[in-house]
Amino acid sequence: MQFFKANNAMDLNQAIIGRRAVRGYTKEAIDERTIRGLVDAAVHAPSAVNQQPWAFTVVRDQSLLDQVSRDAKSYMLASMPASPHSDHFQSLLSDPTFQIFYHAPVLILISALAQGPWIVEDCALAAENLMLAAYAAGLGSCWIGFAQSFLNTSDGKKVLGLPAAWVSVAPIIVGHPKAAPPPVPRKEPEVRWVG
């Protein structure tokens with residue numbers, strides 16, 4: 001992988017434990033070389049039967065991200081199923097000042113090229129690689145679930161120029177964090193030993 005240099009390589013455990021969902025970004029742009037390095041990290045993820053079913057759409061146009069944010073918010077408000085977080089989500093999505101991409105300078109949308117039995121898993125593995133690589137490079141990232149459903153509609157695909165057959169899986173924002181998010185407590189996992 002060309003992206004990482006020996007002098008700034010990060011211990012894998014440090015990246016796994018330190019990576020957080022970042023929701024506050026500076027306006028500093030991310031250069032093309034860095035974005036290509038993140039995509040390179042993503043494509044080194046495992047995939048079922050080595051199909052590598054992913055495609056990457058990079059969006060840096062803030063007016064386009066604002067438009068997608070407005071459209072996705074409207075779509076979510078109209079179609080969101082009831083859940084324990086419904087009131088919180090309704091409040092956020094109804095706020096005209098809330099931009100679902102948190103004004104990050106880059107959206108990297110990982111899509112599957114076509115339907116398949118393991119496309120979500122494959123693209124999610126690529127997304128995790130991308131987010132770990134972003135953290136190792138001193139960047140923040142966040143998977144934007146609010147964009148996912150809308151980007152799978154014909155209107156959502158049209159606004160980004162995505163082929164109809166593609167399946168949007170992982171809308172990941174990337175940028176320079178305004179501040180390091182604090183650690184989040186982890187629940188003790190339930191582990192069953194069989195055999």
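**Cores, sheet and cysteines**

Me: Which residues touch the most other members of the largest nonpolar core?
Reply: This is a predicted model, in which local features need pLDDT of at least 70 and side-chain atom pairs count only at pLDDT 80 or more, while totals for chains, interfaces and linings use all residues. Residues are numbered from 1 along each chain as its sequence is written, and side-chain values use heavy atoms, with hydrogens and water left out. A nonpolar core is a set of Ala, Val, Leu, Ile, Met, Phe, Trp, Tyr and Cys residues that are buried and joined through side-chain atoms within 4.5 Å, where buried means under 20% relative accessible area, exposed over 50% and partly exposed in between, with a 1.4 Å probe and protein chains only. Among the 27 members of the largest core, those touching the most others are Ile-100, Phe-101, Ile-144 and Ile-173.

Me: Which element supplies the largest share of this core?
Reply: Helices (H or I, at least four residues) and strands (E, at least two) are DSSP runs, numbered from the N terminus. At least two core residues come from each of β1, α3 (62–79), β2 and α6 (145–148). The largest share, four residues, comes from α3.

Me: Which strands stand at the edges of the sheet?
Reply: Two strands pair if DSSP finds at least two bridges between them. Four strands make an open sheet with antiparallel pairing, in the order β1-β2-β4-β3. Each edge strand has a single partner, so one of its sides is left without a neighbour in the sheet, and these strands are β1 (54–59) and β3 (140–143).

Me: At what angle to β4 does helix α5 run?
Reply: Axes are lines fitted to C-alpha atoms, for helices over the stretch in contact (heavy atoms within 4.5 Å), and angles run from 0 to 180 degrees between N-to-C directions. Helix α5, residues 119–136, lies across β1, β2, β3 and β4. Its angle to β4 is about 5 degrees.

Me: How far from the sulfur of Cys-123 is the nearest cysteine sulfur?
Reply: A disulfide is a pair of cysteine sulfur atoms within 2.5 Å, and a search of the whole structure finds zero of them. Cys-123 is in no disulfide, and this residue is buried, with a relative accessible area of 0%. Cys-142 is likewise in no disulfide and is buried at 3%. The sulfur nearest to that of Cys-123 belongs to Cys-142, at a distance of 18 Å.
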